[in-house]
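Me: I would like to go through the labels given to this model and ask what each one rests on. Please set the values against the cut-offs.

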Amino acid sequence: MLIAGAGMAGLVCAARARQLGLSPRVVEKGTRAGGSMLLSSCVIWRHVEWDDFRRECPGGDEELQRLVWERLDDALAWLISLGAKPVWDDTENPITTGKRFDPRALVALLARDVELETPLPADVDGTVVLATGGFGRRLAAERGLLLRANPWSEGDGLDYALARGAQTTAGMDEFYGRAMPAPPARIREEDFVALSQLYGKWAWVHTPTGRVITPPSVSWSENDLAQLIGPSAWFVLNDEGYDVAGDRVEGARAAGGTVLEADEIPFETRPDARIAVHVSAAVTHTIGGLKVNPCMRTHARAPVYACGVDVGGVATGGYASGLAQALVTGLVAAESVASR
Ligand SMILES: Cc1cc2nc3c(=O)[nH]c(=O)nc-3n(C[C@H](O)[C@H](O)[C@H](O)COP(=O)(O)OP(=O)(O)OC[C@H]3O[C@@H](n4cnc5c(N)ncnc54)[C@H](O)[C@@H]3O)c2cc1C
């Protein structure tokens with residue numbers, strides 16, 4: 001059994017496979033283990049209500065969604081049984097439930113026997129589990145967007161499976177992402193969380209030429225706004241919005257982003273404008289991906305499984321926890337391979 005990718009999904013799959021008596025080989029293309037989990041806020045969550053999950057992610061595969069939703073609490077208990085220590089016992093969001101971990105501690109706990117800087121080989125004899133983190137880097141490059149994720153997930157797993165007859169899901173153009181300060185801002189990986197311009201419901205949104213594209217409403221995750229803005233847009237705030245979002249705005253300015261005072265804004269905007277921030281959508285991970293059956297097996301001719309955000313069809317049409325998807329599907333992939 002070869003597992004490609006040492007992010008949350010690959011590491012969980014490997015840990016569970018070892019528990020079940022297998023000896024997986026884990027290869028990781030990057031220079032470190034942990035994938036995007038290491039950069040994340042590490043809140044592993046699900047919607048409290050099933051109906052909210054369906055309503056917020058209406059294009060997803062219902063069977064796959066139910067699997068993640070129903071198995072997450074046990075999966076979190078499994079993680080804790082390995083020695084993971086939650087730093088929050090819930091999410092502080094009334095419509096979601098889950099736990100937050102320290103990402104460094106979690107990676108250190110899970111990352112055993114990983115062969116670093118070893119990409120998925122072109123041909124593998126035997127079972128392959130793809131946990132390569134989707135194709136966020138490729139999608140960002142195609143659309144001129146920023147990348148807010150590990151730099152190595154560029155679609156290798158997808159290509160490997162498709163070359164062997166696998167199929168893709170709906171939502172191949174969708175991503176989970178955030179508005180970030182647009183270039184020339186310098187955004188380091190460790191600033192991905194703090195520099196997110198996450199105050200969309202307070203903002204008037206303009207295109208680069210000043211056209212108003214403010215949506216009638218913005219979801220709590222603001223993932224819908226990230227899809228809307230593209231590579232370049234302006235968030236304009238009044239005093240009230242600035243009172244809420246001032247820290248993030250000043251973070252953008254300190255990072256070298258473009259932040260204009262009211263009298264500098266070069267287009268017509270709200271009469272009470274206080275400040276305008278130049279933003280760009282940044283891709284964290286893709287939402288569409290490989291089509292799998294409930295055992296996480298793809299439709300490839302060879303025994304090719306997928307887990308984590310290589311799997312499509314969980315959050316299509318909206319946003320759900322990528323880490324929850326990685327945790328549950330990593331466990332399921334290991335159990336399916338072990339029971340073959
Ligand atoms: C700033 C930030 C904050 C976030 N906060 C949260 C949060 O609070 N809650 C949440 O649920 N989600 C969050 N996420 C998203 C979450 O981190 C991801 O959804 C999740 O880590 C995906 O896990 P994965 O294992 O599927 O993929 P990844 O973490 O992307 O791991 C894939 C791994 O595969 C490797 N790889 C790629 N190609 C190859 C290849 N050819 N061969 C071998 N290895 C390869 C990559 O290097 C990478 O290490 C956040 C992400 C970021 C960046």
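This is a predicted model: local features need pLDDT of at least 70, side-chain atom pairs count only at pLDDT 80 or more; totals for chains, interfaces and linings use all residues.

Me: What makes the peptide bond from Pro183 to Pro184 cis?

Reply: Its omega is near 15°. Most peptide bonds are trans. Pro184 is in the loop between strand E9 (175–181) and strand E10 (204–206).

Me: Which phi values are positive in Cys42 and Glu222?

Reply: Cys42 has a phi of about 65° and is not a glycine. For Glu222, also a residue other than glycine, phi is near 60°. Most residues other than glycine have a negative phi. Cys42 belongs to the loop between strand E2 (25–28) and strand E3 (43–47), while Glu222 belongs to the loop between E10 and helix H7 (223–229).

Me: Why is Cys42 called buried?

Reply: The relative accessible area of Cys42 is 1%.

Me: Why is Glu222 called buried?

Reply: Glu222 has a relative accessible area of 11%. The limit is again under 20%, and therefore Glu222 counts as buried.

Me: Why is Cys295 called partly exposed?

Reply: Its relative accessible area is 39%. Buried requires under 20% and exposed requires over 50%, so Cys295, in between, is partly exposed.

Me: How many disulfides does a search of the whole structure find?

Reply: The search finds zero. Cys42 is in no disulfide, and its nearest cysteine sulfur, that of Cys307, is 16 Å away.

Me: Why is E3 described as largely enclosed by the rest of the structure?

Reply: Four of the five residues of E3 are buried, which is why the strand is described in that way.

Me: How do you know that E3 pairs with strand E5?

Reply: Five bridges join E3 to E5 (residues 96–101). Pairing takes at least two bridges, so the two strands pair, and they run antiparallel. Among the contacts, Ile44 has Lys99 in E5 as its bridge partner.

How values were computed. Residues are numbered from 1 along each chain as its sequence is written. Side-chain values use heavy atoms; hydrogens and water are left out. Buried means under 20% relative accessible area, exposed over 50%, partly exposed in between (1.4 Å probe, protein chains only). A disulfide is a pair of cysteine sulfur atoms within 2.5 Å.
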